[in-house]
Every structure is written in C-alpha cells, then in structure tokens.
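Subject: A structure for you to look at

Hello,

Here is the structure I promised to pass on. Please open it and keep it beside you while you read.

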Amino acid sequence: MKVLELSQKLGYKILTEDPAPLEKEVTGVYTCDLLSHAMAKINQGDVWITVHTNLNVIAVASLTDCACVIIPEEIEVEEQTLIRAKEKGVAILSSSISAAKLCYEITDSIRELQ
Amino acid sequence: MGGVVVRQYDIPANDFTVAGEASSNVRKILSQLGVSPDIVKRTSIAMYEAEINAVIHGNGGQALVEIDTDKIYIRISDQGPGIADLELAMQEGYSTAPDSIREMGFGAGMGLSNIKKHADQLKIDTEIDKGTTVNITVFFKPQTGV
C-alpha cells in the first residue's frame, strides 16, 4: 500500500504538495516523540507518527527513509517544515485523531493486505 | 569504490535550520557509492547525533568525513565547554540540555549512547573550556575482533 492509498483510505490530509514521496510503500507504523529514540527505531517504510512539527522531524524522517510522517490531532505544522519536507522528499500527512488511534487503524490496514 | 572521499562541513551553533545537513549529505554520498542500507543508516544516526550535540552543546563545530573502501571515519569537533564527566554523559538518560532543546524532541540523554550503539569504533576526546572531539568509525563489513 502506497502513502497516497493510505491517505485516501483513511482520510488523512496531505500537507506536502510533491506527489513523488506519496508513492513510497507503507510497511509498518511507529510512534515516538524522542527524536534520538525514533531515529534508532524507525524502519524504512514505516509511517512515523509524531507531535513534533519542527525542522528536525524532516532530518529524522529523511535519515530513516520512513514512508511518511503523520501529525496527529490536527497539530499545525510550521511553513518552514513543509518547505524542508519538499526539499528532502518527505511526505507529511495530518489527521484529527490521536497517535494511538492512528497506530491501530494503520496497523489494521496493513494487516488487511497481508 | 576507489580512492578516499573526503568532505568537510561547518556546523553552525544553535541553528536548527541547517542542523543535520552534513549527515544528510554523507548519507546521500554513501547511498550513491552503493554502501549497504544498514551501514548507511548506522552511519547516519551516529553522525547526526554527534552533529546535533555540536549544535546544542558545542557552540557549533566542524565535521571531517573520510570514506575509504572498507570504512567511513567521521570526526566532529567543537570548541565548546567540554564534557565534565564523560562516563556520566555516556549513560543513557543523562542530559544537560535546556528545556528549549527538550521541547524540540532532543535532550533525552540518548545522543552519546546512540552513537556508541551504531558505531563500530567511538573515541571521545574532551577538555573543559577547550572543546570535544568525537571520532566515529563504521566498517562496511563485519570486523573480526572489533
């Protein structure tokens, strides 16, 4: 399942305009707000859910090659973060629900395809 | 892969608009050279942590990167305050980062231990009021006896 398909299926808002990163394959989900911990644990292809919206999120997403970043509970994302996301080819999505609920429904969606 | 690739980067102090750029660039070079994704990830994490430490604690610094046929060597040096108790600083959970840094998701006291976990060799030289130099080596293939 690609990031675009995930966003369409579960109704996540896409905040980044670049279509290329939306073609990345989603293979897992991980949530953590400690950047050092997240960086060490995120696997390639994971959706990373975090409440942080600063520039460092893009650095961590890029270094780990995660499928995309999802910001829960409609937390607003800084403009400079979206600009950097475009530069680095990172897709940022947004949802109104909590990180815990996002984990459940993304995991369910991945399992349905297995 | 032939010859040694050498890169040098400046790491500005407290500037998160460019923090991680050196690590990101090295990650790109390693990927282009065909280094395995696992090694690229380990190298990127170790270097990024050291780079962020220089940004947060070291008043910025410099990065030297040497990519050889069998390994990558990274030296991150700063002229900051130095580390008073290196043994304590290496312990996971110990941090001197201010609240402003913690609010960004850093400062959990995992930086140095994360470097140690992901590097094959780590040597830290530090002196109070002189600065800190972090030497990281990652081998491209498993080393016997390392």
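Below is what I found, starting with the place where the chains meet.

Please keep in mind that this is a predicted model.

**Where the chains meet**

How many residues of chain B are in contact with chain A? There are 20 of them, and they touch 21 residues of chain A. Together the two chains bury about 1,700 Å². Carbon and sulfur atoms make up 53% of that area. Three residues stand out on the chain B side: B:Arg27, B:Lys41 and B:Tyr48. They supply 29% of the area that chain B buries against chain A, more than any other three residues.

The size of an interface is often given as the accessible area lost when the parts come together.

There are also polar links. The interface has 10 residue pairs in polar contact. Which elements of chain B give two or more residues to this side? They are helix H1 (21-32), helix H2 (37-56) and helix H5 (111-118) of chain B. The largest share comes from H2(B), with 5 residues. By class, the chain B side has 7 nonpolar, 8 polar and 5 charged residues.

**Helix H2 of chain B**

Look at H2(B) next. This helix has 20 residues. From its first C-alpha to its last it reaches 28 Å. That is close to the 28 Å expected at 1.5 Å a residue. Is H2(B) largely enclosed or largely open? Of its 20 residues, 17 are buried, so H2(B) is largely enclosed by the rest of the structure.

**Salt bridges between the chains**

Now find B:Glu21. Chain B and chain A have 2 salt bridges between them. B:Glu21 forms a salt bridge with A:Arg84, with the closest N and O atoms 3.9 Å apart. B:Glu21 lies in helix H1 of chain B and A:Arg84 in helix H4 (residues 79-88) of chain A, so this pair joins two chains.

B:Glu21 also forms a salt bridge with A:Lys88. Here the closest N and O atoms are 3.2 Å apart. This pair crosses between chains too, from helix H1 of chain B to helix H4 of chain A. Salt bridges that share partners join A:Arg84, A:Glu87, A:Lys88 and B:Glu21 into one network.

Which of these residues are buried, and which are partly exposed? B:Glu21 is partly exposed, with a relative accessible area of 31%. A:Lys88 is partly exposed as well, at 28%. A:Arg84 is buried, at 14%. The cut-off for buried is under 20%, so A:Arg84 falls below it.

**A salt bridge within chain A**

Over all chains, the whole structure has 9 salt bridges. One of them is between A:Glu112 and A:Lys9, at 2.7 Å from N to O. This pair links distant parts of the chain. A:Glu112 sits in helix H5 (residues 99-112) of chain A, and A:Lys9 in helix H1 (residues 3-10) of chain A. They are 103 residues apart. A:Glu112 counts as exposed, at 57% relative accessibility. A:Lys9 counts as partly exposed, at 44%.

**Two buried residues in chain A**

Start with A:Ser36. It lies in helix H2 (residues 35-41) of chain A. At 7% relative accessibility, A:Ser36 counts as buried. What does its side chain meet in a polar contact? The partner is the side chain of B:Glu49, at 2.7 Å. A:Ser36 also touches other residues of chain B, including B:Gly105, B:Met110, B:Gly111 and B:Asn114.

Then go to A:Thr64. This residue is in helix H3 (residues 55-64) of chain A. The side chain of A:Thr64 reaches the backbone oxygen of A:Val60 at 2.8 Å. Not counting residues up to four places away in sequence, A:Thr64 touches A:Met39, A:Ile42, A:Asn43 and A:Gln44. A:Thr64 and A:Lys13 are 51 residues apart in sequence. In space they are 22 Å apart, C-alpha to C-alpha.

Best wishes

Note on methods:
Residues numbered from 1 in each chain as written. Chains lettered and ligands numbered in written order. Predicted model: local features only at pLDDT ≥ 70, side-chain atom pairs only at ≥ 80, totals over all residues. Heavy atoms only, no water. Contact = heavy atoms within 4.5 Å. Buried area = accessible area lost by both parts, 1.4 Å probe. Salt bridge = Lys/Arg side-chain N within 4 Å of Asp/Glu carboxyl O. Polar contact = N/O pair within 3.5 Å; in protein donor to acceptor, adjacent residues only side chain to side chain. Helix = DSSP H or I, 4+ residues; strand = E, 2+ residues; numbered from the N terminus. Nonpolar A, V, L, I, M, F, W, Y, C, P; charged D, E, K, R; others polar. Expected span 1.5 Å × (residues − 1). Buried < 20%, exposed > 50% of the residue type's maximum accessible area, 1.4 Å probe, protein only.
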